[in-house]
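Work through the exercises below with the sequence and the model open beside you. Try each task before you read its solution.

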Amino acid sequence: MNSILEQYKSVPESEVKEWFKAAPVSKFPENGGACVKVNDKQIAVFNFTAEGKWYASQNVCPHKMEMVLSRGMIGEDCGTPKIACPLHKKTFSLETGENLNGEDYSIAVFPVKVEDGFVYIGTR
Amino acid sequence: MKTILVIGNGMVGYKFCEKLMAKTEGSGYKVIVFGEEPRPAYDRVHLSEYFADQDAERLSMAPRSWYEENNIELITNERVTDIHRASKTITTISDKEYTYDYLVLATGSSAFVPPIPGVEKKGVFVYRTIEDLDATMSYVEEIKKNKPDGKAAILGGGLLGLEAGKAIIDMGLETSVVEFAPRLMPRQLDNDASKVLQRKLEDIGLDILLNKGTQNIEGADAITGMRFSEDEVLPVDMLLVSAGIRPRDELAKTCGLDVGTRGGIVVSNDMRTSDENVFAIGECALLNHMIYGLVAPGYDMAGVAVDNILGGDALMPTSIDMSTKLKLSGIDVASFGDALNEAKESESIVYENKFQGIYKKINVSKDGKALLGGILVGDASDYNMLHQIFLNGMKIPENPEDLILGARGGEEASFGSALDLPDSAVVCSCEAVTKGQICCKVDEGMTTLKEVAGATKATTGCGGCKPMVTDLINESLKAQGVTVKETVCEHFDYSRQELYEIVKIKGIKTFEELLTSHGKGKLGCETCKPVAASLFASIYADTGNDHNVIQDSNDKFLANIQRNGTYSVVPRVAGGEITPEQLIVLGQIGKKYDLYTKITGGARIDFFGAELHELPLIWKDLIDAGFESGHAYGKSLRTVKSCVGSTWCRYGMDESVSFAIEIENRYKGLRSPHKIKGGVSGCIRECAEARGKDFGIIAVEGGWNLYIGGNGGATPRHAELLAEKITNEEVIKYTDRFLMYYIKTAGPLVRTAAWLDKIEGGIEHVKDVVINDSLGLCEELDKDMAGLVDAYKCEWKEAIENIDEQNNRFAHFINSEESDENIEFVSLRDQKMPKLWS
């Protein structure tokens, strides 16, 4: 099971080698998440419409290894944008991937950019 | 100025320095630390993580700069070769000499390598230092390059051996673990627990060989196999030895300190060796004829040594707790107290679930009053509480099995809250932090784990106490919160009840509007958003489809998310009455979508295993057949259960089925602070278990009795009598008012039972409000409920009619038609179930 997690490592913006063209902005729900298939991986993309910001993370919940994070609820924790997993409400920072409940596991996060109405995910 | 020399810079040597600095603030003593490894102290407990990331920095206990800031001289890569006790000096391998006033031996231990012929061959490694791991990893790479089917073995099925085994598998070699004893982790686990662990490890690909004594290491120059007997050889290309530890006592031996017959520097319980100026701490020390191979006792020893050097008189306790909890390749394993019960001084209670790979055992004193020890494999979530009960000799429940089985059928923790612990309970044993110290920090105003960890060092050792410390912080905050104010979350300074009034009076229609006008921040969170969604539902009858991004996940997708991310669908079968034709249709739908099917506890039929994209298809089939998908997930009315009543039953006093159907249809879709269940029994035999429900109706001579505030679950409670011998119309009138009053005034996720417990005046007050109209609210309550009942819409019909092709919320991927290939099912009694979580 951990082999699933190993496929997902955070990509800092400075190390982006390729911008994966995900989908037009209109495909993404406002103030929510959607799952994008990036080659053999599943990336959850979150549209923080209220702030005009986008974030992306692994879609797999690092607690139970199910592909569900895109179905979770977005929000903020003292100013940090976060995602709450729909399975057990574990919350993760979408800036660093850090587990905000103080537990060990965290998630991988990826840079997102929007150009000409399309959403792109930064990969290595 | 006195000089303290510390030989050894492992975790315990470092902890000695840290504790000394904390007590002396760096003045009065000159401290020199010698480490033979090239780097400063690192966290050996988490060594196996180095296999994954090769990040030595992350394991570091403190950087060199810490030693500099504290005026401690750290000399690494330098082995101490001799101690001259007469002159109080030591010499190092490069012939340097140092004089001491106090000498602290923290030389730790080395890997024990059994004297098997051939063990010196190439390809045999030990598992102890970062350098050992580097050497092992480069050899693995070499094997993989030269031999596609290369194999590895681990000698020793203890904790470290199993961790190493998993690490080598992850590097891509087939790996066997060879254990001499008949079970894994023989000191911590019994045979049954070992079997459960073995099965889990085999699932992740480890080959486990028990009862194997290795006679010989085969191979000319490099290892080619392990010989167990004349005719049994395991071919392997490398071997990692993890067969236990040997205390590093060679320095002590050569300078004439007392050592045990099987090794270890003899110390008394003030940590002094046979020379009063020389201390020994950690795994090199033999205390009470024992070597303690855990970090927590080592840290305690460091503290005792510091105290005695500074003139104090601290002593090690006579009995030292050897409980451990760990995650082994993601598998929980824990053992505490007298886990093996070899002296048979206690009775064991065992729970084993082979499907889920869970084994739990507790050993309870023969009088049934005390918890003496236990073992947990597969699920150690109860460990912290059990360990604390054990450590503090706390009272255990009358039925001790509750400790491991939990309150059956419930949702909440079975036994006690972290706040029940005595203040003196040591919660973080690595750093010896008590519950009192943690709660004190919360009282001082700290609110996060980070802050409390920073101030107390709790959780900074092995980290095993994190859940309990988090609980303590949260529970203490809650305890404060009750006296201060129950606000929804950080985004609103209002209670749910206040928000209800705000939304209603100001006519607020969206979450954004509510947050901008009455909240803080820009985004809200997973706590306040569903509360708002529930309020919009309770006030305007908005369904799960409206405001779908602020709905809890189940309300957003109008179905229950289950273990593997698939959903369950529960067609509404009001009152439990169903025709044979309807049963056939349900059967066909279940078959068509290959769904696991079960009759629920609420007399309905539950379909499991629907993938996200299948939900609209299943709903369409249900709606076409005259069903609707029921509310099986929302904080809303679930079911109204009924017995068969006077239509068929020879005892029946009234028509419970007809009435249950009427009531279920009346309240379906009603949103509330928590789920609501109802029951209607046709006579006092109570076959519908109506008094275990939020509202229960029982036919009696002369009418119906109406009961409210019951529930099953973790804290079962019988419903209390609200009105006696009333008519059908009165039942509905009072139930309307009771439910509406509850919806308006309860906190988020508070069920009617807890609400009734908390409300001032209890049942008498509610009677006064809903029957005698003491608050003059009844007209409004009646009107509000009538509005909600009239506004009912089938959410599923609404959802399939309004699927947005642009951003379809029921598509797994927005850029592909494929489904989630990660979902795996296994078979179960001719049906299917999700693959187990590992």
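**Exercise 1: the interface**

Task: Find how many salt bridges there are between chain B and chain A, and locate one of them.

Solution: The count between chain B and chain A is four salt bridges, where a salt bridge is a side-chain nitrogen of Lys or Arg within 4 Å of a carboxyl oxygen of Asp or Glu. One of them joins the side chains of E51(A) and K522(B), with 3.8 Å from N to O. This is a predicted model, in which local features need pLDDT of at least 70 and side-chain atom pairs count only at pLDDT 80 or more, while totals for chains, interfaces and linings use all residues. Residues are numbered from 1 along each chain as its sequence is written, chains are lettered from A and ligands numbered from 1 in the order in which they are written, and side-chain values use heavy atoms, leaving out hydrogens and water.

Task: State how many residues of each chain are in contact.

Solution: With contact taken as heavy atoms within 4.5 Å, 48 residues of chain B are in contact with 46 residues of chain A.

**Exercise 2: a sheet in chain B**

Task: Give the strand order of the open sheet of three strands in chain B, and name its edge strands.

Solution: The order is β4-β5-β6 (chain B), with antiparallel pairing; strands are DSSP runs of E, at least two residues long, numbered from the N terminus, and two of them pair if DSSP finds at least two bridges between them. The edge strands are β4 (80–84) and β6 (97–99) of chain B, since each pairs on one side only. Strand β5 (residues 89–92) of chain B is joined to β6(B) by three bridges, and T91(B) has E97(B) as its bridge partner in β6(B).

Terms used: Helices (H or I, at least four residues) and strands (E, at least two) are DSSP runs, numbered from the N terminus.
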